[in-house]
Amino acid sequence: MKIGVLALQGAFLEHEKMLEALNVDYFEIRQLKDLNQEFDGLIIPGGESTVQGKLLKELGMFDIIRKKIADGMPVYGTCAGLILLADKIANDDRAHLQTMNIVAKRNAYGRQLGSFSVMATFADKGEVPMVFIRAPYVESAGDNVEILAVVEDKIVAARQENQLVTAFHPELTEDLTVHKYFIDMVAK
């Protein structure tokens, strides 16, 4: 198994450390030619969704990644990755990959000072630490979207078939639960 980590901007190194801890091979996707490699899943890290979306288009990767996801390649988006995958963004006219049947709300908890951490239940895996930094949340989810975590009555993790999103950053903790969940998705 080999996972591509989008390394255009954002917290990609932290995801790589999680994959190393799980003994999963990975490589960084920085330019169009990197997409020619064989890989089984993709991680889109937190960071600036607008910058990442712009770079995906400028570097010619946007349509290829969108097609790979539509064709069933497993993808995991954290924070900005959630926004990139969302079909719509409630408080923004822009939309990016639009592969997941969710409406995201950007910076839903406020600016950097609104950042926080909690322990909450993720899927059927028990409680995990959740770090929120200028986080979005899922304002609404379509019928085919499974809600995996809710914090303060807000959807903060969801899955639609081959797509997983979290509003929080598990890569900023020592807990491997969410990344293991994604790797299990890829393995199936």
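Predicted model: local features only at pLDDT ≥ 70, side-chain atom pairs only at ≥ 80, totals over all residues.

Visitor: Which residues does Asn107 touch, not counting residues up to four places away in sequence?

Guide: Contact means heavy atoms within 4.5 Å. Asn107 touches Arg134, Ala135 and Pro136 when residues up to four places away in sequence are not counted. Residues are numbered from 1 along each chain as its sequence is written, and side-chain values use heavy atoms, leaving out hydrogens and water.

Visitor: Is Asn107 buried, partly exposed or exposed?

Guide: Buried means under 20% relative accessible area, exposed over 50%, and partly exposed in between (1.4 Å probe, protein chains only). Asn107 is partly exposed, at 29%.

Visitor: Which residues of helix α3 are buried?

Guide: Helices (H or I, at least four residues) and strands (E, at least two) are DSSP runs, numbered from the N terminus. In α3, residues 62–70, the buried ones are Phe62, Ile65 and Ile69. Viewed down the axis, the buried residues of α3 fall within an arc of 75 degrees (taken from the directions from the helix axis to the C-beta atoms), so they line one face of the helix. Asp63, Lys67 and Ala70 are exposed on the face turned away from that buried side.

Visitor: Which way do the residues of β4 point?

Guide: In a regular strand the side chains alternate between the two faces of the sheet. In β4, Val75 and Gly77 point one way and Tyr76 and Thr78 the other, and all are buried.
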